Amino acid sequence: MNQLTAQAPGGVPHLRYWQGVWRWLLLAFALVLSLGITQVAHAQADPDREMSTAAPGIDADQWRQVRSGETGPNYRDSRYESNYNLINSSGETWRQWRNRWVSPFGLIVIGGMIGIITLFYLIIGRKHLEEPRSGRKLFRWPLFMRALHWSVASLFIVLALTGLNLLFGKFVFRGLFGDAFWGWMVSSSKVLHNYLGPIFGVLLIVLLVSLIKDNMPKKHDLEWFKKGGGLVGKGHVDAGFANGGEKAWYWLLATVGLLVVASGFVLDFPNFGQGRDTMQWANIVHAVGALGLTAVSIGHIYIGTLGTEGSLEGMTTGYVDETWAKEHHNLWYEEVKDQAVSEQELADRKASKDAGESPAPRSS
Amino acid sequence: MAQMKFMCDAERCIECNGCVTACKNANDVEWGIQRRRVVTLNDGEADEMSISVACMHCDDAPCMAVCPTDCFYKTDDGIVLHDKDLCIGCGYCLYACPFGAPQFPQQDAFGERGKMDKCTFCAGGPAESKEEEYEKYGANRIAEGKLPLCAEMCSTKALLAGDAQDVADIFRQRVVHRGHEDGAWSNNPQASADNLAYDAARKG
Ligand code: HEM
Ligand code: SF4
Ligand code: SF4
């Protein structure tokens, strides 16, 4: 329309037509004005027509693609080395999973475990040895295994506490201690967690490899579970070096534990180009696995310390009492009973070993 | 009380990256960090369309909800800010953010992230002094009664910043002039002028 009016004067070459020109111009002007007005009215009445003159726009399919997180070959982001899509739809899903399910249910599972164990302790109480101690000892855990166990265990506890602080700490400690202390607390949690995690991972694998032979499932383990490890019915249940419960804990660590380690590594090293979606998954797997293990570990810790008389000394001194072995690991006891040594003998052995290890005089 | 919002009119954005540059300049952000980015869909095709994106200062902000240190807060103007003293660089805000706004400076040993940085709506952040504020978060133009520099510098006024009501009014006017109701966001059912703020609960 504008091009038309612009051409109008050029279309009238002779001076004597000036009057006519003016008339033409006025007419053209009026025409343009009215057209302009009708066009606005027209456009409002007919969006499709306006649409055809506007930039073609992105259609519904393309928006669906954007929302799905796909980027496509002609997608461009002006940010340096960005691999982000336009809308990170899964972010909200992850948030809901984490905040609405993982976090509260983690608390319920761990709190529930503590509650059940406390009740169990109060009502049923410690499992004492039924027979008096024989005073004769059986060697159960070599120094290497004890060191390995306690390293893995302490790392586990530190990782569990720092991990829990990352998930729940803000609800408790920020208000309690104020920003300055909380800031220190949470940043040291993160640093400890992120640096000790990989060490835990490596040691856990060593532990699992060292123990696999003792933890192969056997037929009598099924019986052990049916009788609830001896809780149901009378009499002892068969158990080798490791009983059914210990094997279950072993295999939980060998599956879920390794999953926690693997997902932890994904979260720990964000510099391998893994995207946000991968991280979201890794976080959910990591948190669910870690919270589950933490809950079960409370049971393991209870059974190993308060829950059963005579268990802890195996992992601290390396030796267990014959009676304990008979009552808890009868099949193993049958295998090794002829190796039992008296406490006196043990003390002598230890003394001579210490003497042997005292630094020899050197000359140089 | 104002509810500050950004809005990018994709039908006007010409992908000049002026907003990106203005932001870099106003806030003196660290090397490697670009608080605002321009995304182009169907680049080089007839229906190419660009949009400038940064933190949208969400009403129900996912970053705030997932942060383990709880370091985010919302100003009275609805601007989402965070405290770099508390941030531990865990990256959770980035996993949750719909717009890829949080960024992390230099990767330390083992790829550890530094403290998160994102658009502050040119409203600075928590600090003892003005100098410290500028150092950590960049400009506080809001305190000076000014709007974010990106929007002020936008050559086509595609990028709008201000109170949601004003931004919505301007946009609505444009849409009326354009004559079709989803003037900037053709065929996108989620984009109406009344729905500028990203509301995570509605998953728009
Ligand atoms: C079994 C012991 C472990 C427990 C109990 C544990 C627990 C947790 C928990 C509860 C979280 C917080 C999840 C959330 O906030 O949503 C977390 C985060 C994390 N965990 Fe673990 N974790 C364990 C082992 C590991 C290991 C072995 C690694 C590394 C190899 C690791 C690396 C991480 C990382 C990187 C994060 C993200 C936190 C951040 O980046 O600040 N964790 N862990
Ligand atoms: S756009 Fe991202 S960083 Fe900004 S408030 Fe929303 S979730 Fe947080
Ligand atoms: S990176 Fe910082 S701001 Fe983001 S969630 Fe983690 S602690 Fe919070």
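The shell around ligand 3 consists of 11 nonpolar, three polar and no charged residues, where Ala, Val, Leu, Ile, Met, Phe, Trp, Tyr, Cys and Pro count as nonpolar, Asp, Glu, Lys and Arg as charged, and the others, Gly among them, as polar. Of the 14 residues around this ligand, Cys67(B), Cys87(B), Cys90(B), Gly91(B) and Cys93(B) come nearest; a residue belongs to the surroundings if one of its heavy atoms lies within 4 Å of the molecule.

The model is predicted: local features need pLDDT of at least 70, side-chain atom pairs count only at pLDDT 80 or more, and totals for chains, interfaces and linings use all residues. Residues are numbered from 1 along each chain as its sequence is written, chains are lettered from A and ligands numbered from 1 in the order in which they are written, and side-chain values use heavy atoms, with hydrogens and water left out.

Ligand 2 is surrounded by 13 residues, the closest being Cys55(B), Met56(B), Cys58(B), Cys63(B) and Cys97(B). Its shell has 11 nonpolar residues, one polar and one charged.

The residues named so far belong to chain B, whose secondary structure comprises six helices and six strands. Helices (H or I, at least four residues) and strands (E, at least two) are DSSP runs, numbered from the N terminus. Of the 204 residues in chain B, 61% are buried, that is, under 20% relative accessible area, with exposed meaning over 50% and partly exposed in between (1.4 Å probe, protein chains only).

Attention now turns to ligand 1. His193(A) and His286(A) coordinate its iron atom, each through NE2, at 1.9 to 2.0 Å. Donors are N, O and S atoms within 2.8 Å of the metal (3.2 Å for Na, K and Ca); water is not among the atoms, so sites may look incomplete. His193(A) lies in helix 7 (residues 179-211) of chain A and His286(A) in helix 10 (residues 276-307) of chain A, so the pair ties together parts that are 93 residues apart in sequence. His193(A) counts as buried because its relative accessibility is 16%, and His286(A) is buried at 16% as well.
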